[in-house]
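Please keep the coordinates open while reading.

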Amino acid sequence: MNTSPEYFEFLCQMGDNTLILGHRVSEWCGHAPVLEEDIALANTALDLIGQTQMWLGLAAEAEGAGRDADALAMLRDAWDFRNCLLVEQPNGDFGQTMLRQFLFDTWHLETLRALETSTEPRVAEIAAKAVKEVSYHLERSAETVIALGDGTEESHARMQAALNLLWPYVGEMFVPDAVDLAMAQAGIAPNPTSLRPAFDARVIEAMIEATLILPDSRFAHKGGRSGKQHSEHLGHILTQMQWLQRVYPGAVW
Amino acid sequence: MKPDTQTIWGWLNEVPDPEIPVISVVDLGIVRGVAWEGETLEIAVTPTYSGCPATAIIALDIETALHDRGIETVRIKTQISPAWTTDWLSDEGRAKLTEYGIAPPRAAGGPESCPRCTSKNVHRISQFGSTPCKAQWRCGDCLEPFDYFKCI
């Protein structure tokens, strides 16, 4: 078992992304515009939480400090979370949620494909499991973004506004930090920069079909993956997600 | 005396899937291994979808069924590799699904025909359904909606 701090951080990045997005998407449960979308969102959230159990479970093992996946999810504070800023952004309307999902799914799929050949067999196993679920998520989020972008005047305007709002959160996913460089050197994970061309190609292709215009700027908000500067939204998510374990420590289902 | 693993496979073949009770956990292809480790019986189980809430119930049902057969110590091990695909579903499982009204998975990504009237005129309503392993489809002839066991 690799016990380097960078490996633990990397596993937290993977698990925190799926945990926070899974929680965000679950907020739609009972509120989606139609029943089928409600079910689809809840199932997507469920897949992401399932993947979280695998990533954070492995993170806890690698850390070797007696914590488990639940302790990492429910008892850390905002500065210990390593998710990118994109996934903690509020749901907005249904279109904004689906656009966030599309941007994340596109990054996620490229990342998992690369992780399938990780030198760490446990990482490769989780990636091989998750990649199939995520391909399915991307199929749906891409279709929905295209349908809404190339839809009515109203839906088009909302999707363009969502894209303008969320685009500045994309760059962070591809800027390597010390953890990424250590993982890339060990062959455990790809250098995120190497994923950008495939990501851009997939996004541009969908945006053309969706008749949406990508903002020119490459400005990127950063600070989520390092934990140094999460947006104010993460704290609000945690208060809701963690309050039960904080108030009743050790409570079980 | 410890029962042999073949006998245990037979017992597991009688444990129904909690969500789709017409097929067993063996039909579903999620039991990956049965082995004795000393006095402990170790059962390797793989999840269909990583967040499937039925996974915990399945583990409990397997343990209960084996305790009922007199096996005292059972350990359920989660094994994620090789990942489950619908190829693991047995032929018997496919036949039982169709009879129950759930179209079995196909590599082409959609059901071959309506499980009620066998019409090939079928349309997708939603990529997701009542459980993580299903999608919702509708028949264009008998007009009935039905579940499709999705292929991943």
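## Two domains in chain B

In this predicted model, the C-alpha centres of domain 1 of chain B and domain 2 of chain B lie 27 Å apart. The bounds, which come from an automatic or database domain assignment, are 5-86 for domain 1 and 101-149 for domain 2. Where the two meet, domain 1 of chain B contributes seven residues and domain 2 of chain B contributes six, a contact being a pair of residues whose C-beta atoms, placed from the backbone, lie within 7 Å. The domain 1 side of that contact has three nonpolar, three polar and one charged residues; here Ala, Val, Leu, Ile, Met, Phe, Trp, Tyr, Cys and Pro count as nonpolar, Asp, Glu, Lys and Arg as charged, and the others, Gly among them, as polar.

## Conventions

Residues are numbered from 1 along each chain as its sequence is written, while chains are lettered from A and ligands numbered from 1 in the order in which they are written. The model being predicted, local features need pLDDT of at least 70 and side-chain atom pairs count only at pLDDT 80 or more, whereas totals for chains, interfaces and linings use all residues.

## Chain B as a whole

Chain B has three helices and seven strands, which follow one another along the sequence in the pattern α-β-β-α-β-α-β-β-β-β; helices (H or I, at least four residues) and strands (E, at least two) are DSSP runs, numbered from the N terminus. Taken along the principal axes, the C-alpha atoms of chain B fill a box of roughly 55 × 25 × 20 Å. Of its 152 residues, 36% count as buried, a residue being buried if 20 or more other C-beta atoms lie within 10 Å of its own, exposed if 12 or fewer, and partly exposed in between, with C-beta atoms placed from the backbone. Among contacts in chain B between residues at least 6 apart in sequence, 51% join residues at least 24 apart.

Ser81(B) and Pro82(B) are joined by a cis peptide bond with omega of about -5 degrees, and Pro82(B) is found in the loop between β3 (74-78) and α3 (91-100). Leu143(B), in the loop between β6 (134-139) and β7 (145-149), has a positive phi near 65 degrees although it is a residue other than glycine; Leu143(B) is exposed, because 11 other C-beta atoms lie within 10 Å.

## Where the chains meet

The contact between the chains involves 19 residues of chain A and 15 residues of chain B. On the chain A side, the elements giving two or more residues are α2 (35-63) and α6 (121-149), and α2(A) supplies the largest share, 10 residues. By class, this side of chain A divides into nine nonpolar, three polar and seven charged residues.

## Individual residues of chain A

Met173(A), in the loop between α7 (153-166) and α8 (178-185), counts as buried because it has 27 C-beta neighbours inside 10 Å. Its contacts beyond four places in sequence are Cys84(A), Leu86(A), Trp107(A) and Pro192(A). The C-alpha atoms of Met173(A) and Trp107(A) are separated by 7.7 Å, although the two are 66 residues apart along the chain.

Leu163(A), in helix α7, is likewise buried, with 24 C-beta neighbours inside 10 Å, and is in contact with Leu99(A) and Leu212(A) when neighbours within four places are left aside.
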